[in-house]
Each structure stands twice: as structure tokens, then as C-alpha cells.
Amino acid sequence: MREESPVASPVILGIDDLRPLPWTTRLARSSGEGVKLLQEHRDGLIDELWLDHDLGGDDSILPVVTLLEEAAFNGQPFRIGTVYVHSANPIGAETVVRSLTRWNYQVRRATV
């Protein structure tokens, strides 16, 4: 009798200051928390990454985007199935989509 190997649960990360994003497995509320969250998952597959552009006050998703860009620039991009960008700021969201697409991440605009 063969034992079934356990199926890994999908890793769905979110970075958003306000929205609950209940489908995520982990949620960061600031860019600093988001950078730490990504670093914790650096060596594994991230099935989905949900990003909000504006994170309250002067905080934005740009430090997270920079981390992802630098990893790709150095030839070691994060392994992410799809990055979903949601924001009430259409210009900011489009900037994130364009930046990450340029580094071959699979990116989609999303409404939440």
C-alpha cells in the first residue's frame, strides 16, 4: 500500500494596508512588512502575490517592487505564479504592472 504524499497548500501572500484579503495565507500591512514577508518565502514558490500600491501615509508598494526587480536583475527572480495588482490609484497600479512585467513576472490588474 502506497502512502499519499501530502499536497502542499498554495502560498498566497498579500500586501495591503486596509483590505482583509481573506484568501491570502499571509498578509502584510506595510512595505517593510511586505519586504520581510517576501524574504521569508525567498526560496519557495509563491503561488499568488497580491499588491496594493498605496499603503497609507507616505508608504507605498515601491520598496517591494524594488526588491522583486533587483532579484530579477541579479538573475534570481522570485518564483511567483501570478502577481495581482489592485489599487484605487490607477497610475500607481499601472507603474507596478509595467515594472514587474518588464522583469518577466506574470502580472495582472485586479479589482478587490
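Start by selecting Asp16 and Arg19: the two form a salt bridge, with their closest N and O atoms 2.7 Å apart. (A salt bridge here is a side-chain nitrogen of Lys or Arg within 4 Å of a carboxyl oxygen of Asp or Glu.) Before you go on, note that this is a predicted model, where local features need pLDDT of at least 70, side-chain atom pairs count only at pLDDT 80 or more, and totals for chains, interfaces and linings use all residues. Residues are numbered from 1 along each chain as its sequence is written, and side-chain values use heavy atoms, leaving out hydrogens and water.

(Buried is under 20% relative accessible area, exposed over 50%, and partly exposed in between, using a 1.4 Å probe and protein chains only.)

Next, pick Arg26 and Glu40, whose side chains meet in a salt bridge (3.0 Å, N to O). Arg26 is in strand 2 and Glu40 in helix 1, so parts 14 residues apart in sequence are tied together. Arg26 is partly exposed at 37%; Glu40 is exposed at 53%.

Now show helix 1 (residues 31-40) with helix 2 (residues 62-73): their axes come within 8 Å and cross at roughly 30°. (Axes are lines fitted to C-alpha atoms, for helices over the stretch in contact, and angles run from 0 to 180 degrees between N-to-C directions.) The two helices are therefore roughly parallel, a label for angles under 35 degrees. Select Ser31, Gly34, Val35, Leu38 and Gln39 in helix 1, and you'll find them meeting Pro63, Val64, Leu67 and Leu68 in helix 2.

Last stop: Leu49 and Tyr105, which touch the most other members of the 28-residue largest nonpolar core. (Such a core is a set of buried Ala, Val, Leu, Ile, Met, Phe, Trp, Tyr and Cys residues joined through side-chain atoms within 4.5 Å.) Helix 2 gives this core its largest share, six residues.

How values were computed: Helices (H or I, at least four residues) and strands (E, at least two) are DSSP runs, numbered from the N terminus. Angles under 35 degrees count as roughly parallel, over 145 as roughly antiparallel, 65 to 115 as roughly perpendicular and the rest as oblique. Contact means heavy atoms within 4.5 Å.
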